[in-house]
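Please open the structure in your viewer and keep the selection panel at hand. The stops below proceed from the overall fold to individual side chains.

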Amino acid sequence: MTAPPHPPRHIAACVDEDEASDLALGEGARIRALAGGRLVALHAASEADPAVPEWLRRRARGAPGAEPLAIPDGGHPAAAVCDWAAREGADLLVVAPHEGRAARLLLGSFASHLVHHAPAPVLVARPAPGPPPPDEPSRLDALVEPVAALPADLPAGEALARVR
């Protein structure tokens, strides 16, 4: 029998200027509070000189003990984070998905790249489930509307065939 894995001692929460990053940083801080160790608020910057921007300093102050760090992304932020994690010995990467259909289509590749290529475990911190945003109909709405439009005296089998 193998020994259980050690608690993470070097956690990197991947952050950007989006509010979803607060979730990743919060989860990283929660795990750090339980396990101790180092927490880095990590941002892959597209600027040539990735000095730590003020917004990153402010965001890191929201998680006690978090160190803000900006690294050059070389045009590929997720690959830069993976390289940094391997070089620096990160035990855990924490990322939050962006919300909304358009954001998921455009930005979902960052978290996916980390999950598939990171040299350490990746925690995808998801928000608590809630009602869908008003601009996104729920899957249930997409089903209920066609059913409500069917005549009331229609046999069930025919109604189901029409909804499909």
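A residue is called buried under 20% relative accessible area, exposed over 50% and partly exposed in between, with a 1.4 Å probe and protein chains only. The model is a predicted one, in which local features need pLDDT of at least 70 and side-chain atom pairs count only at pLDDT 80 or more, while totals for chains, interfaces and linings use all residues. Residues are numbered from 1 along each chain as its sequence is written, and side-chain values use heavy atoms, with hydrogens and water left out.

**The whole chain**

Begin with a cartoon of the entire protein. It has 6 helices and 5 strands; helices (H or I, at least four residues) and strands (E, at least two) are DSSP runs, numbered from the N terminus. Along the sequence the pattern reads β-α-β-α-β-α-β-α-β-α-α. Of the 164 residues, 35% count as buried. Among the contacts (heavy atoms within 4.5 Å) with a separation of 6 or more, 71% come from residues 24 or more positions apart.

**The sheet**

Select the strands next. The 5 strands form an open sheet in the order β3-β2-β1-β4-β5, with parallel pairing. Its edge strands are β3 (66-72) and β5 (122-124), each of which pairs on one side only. Neighbouring strands are turned by 25° against each other on average, direction ignored; axes here are lines fitted to C-alpha atoms, for helices over the stretch in contact, and angles run from 0 to 180 degrees between N-to-C directions. Two strands are said to pair if DSSP finds at least two bridges between them. In general, strands of a sheet pair through backbone hydrogen bonds, either parallel or antiparallel.

Which residue of β2 is the bridge partner of isoleucine 11? Select strand β1 (residues 10-14), which pairs with β2 in the parallel sense over 5 bridges; the partner in β2 is leucine 39. Isoleucine 11 also has a bridge partner in β4, namely leucine 92, and β1 and β4 pair in the parallel sense over 3 bridges.

Move on to strand β4 (residues 92-95), which pairs with β5 in the parallel sense over 3 bridges. Leucine 93 has valine 122 of β5 as its bridge partner, and valine 94 stands opposite leucine 123 in β5. Both faces of β4 are covered: Leu92 and Val94 are buried on one side, and Leu93 and Val95 on the other. Strand β2 is mostly covered, with 7 of its 8 residues buried.

Then select helix α3 (residues 77-88). Its 12 residues reach 16 Å from first C-alpha to last, close to the 16 Å expected at 1.5 Å a residue; the expected span is 1.5 Å times one less than the number of residues. The buried residues of α3 include Ala78, Ala80, Val81, Cys82, Trp84 and Ala85. Just after α3, glycine 89 takes a positive phi of about 75°.

**Serine 21**

Centre the view on serine 21, in helix α1 (residues 20-35). Is serine 21 buried or exposed? Its relative accessible area is 5%, and therefore serine 21 counts as buried. A polar atom of its side chain lies 2.8 Å from the backbone nitrogen of aspartate 16. Leaving aside neighbours within four places in sequence, serine 21 is in contact with Cys14, Val15, Asp16 and Arg59.

**Last stop: proline 7**

Finally, select proline 7, in the segment before β1. Proline 7 is partly exposed, with a relative accessible area of 45%.

Definitions and conventions:
Polar contact = N/O pair within 3.5 Å; in protein donor to acceptor, adjacent residues only side chain to side chain.
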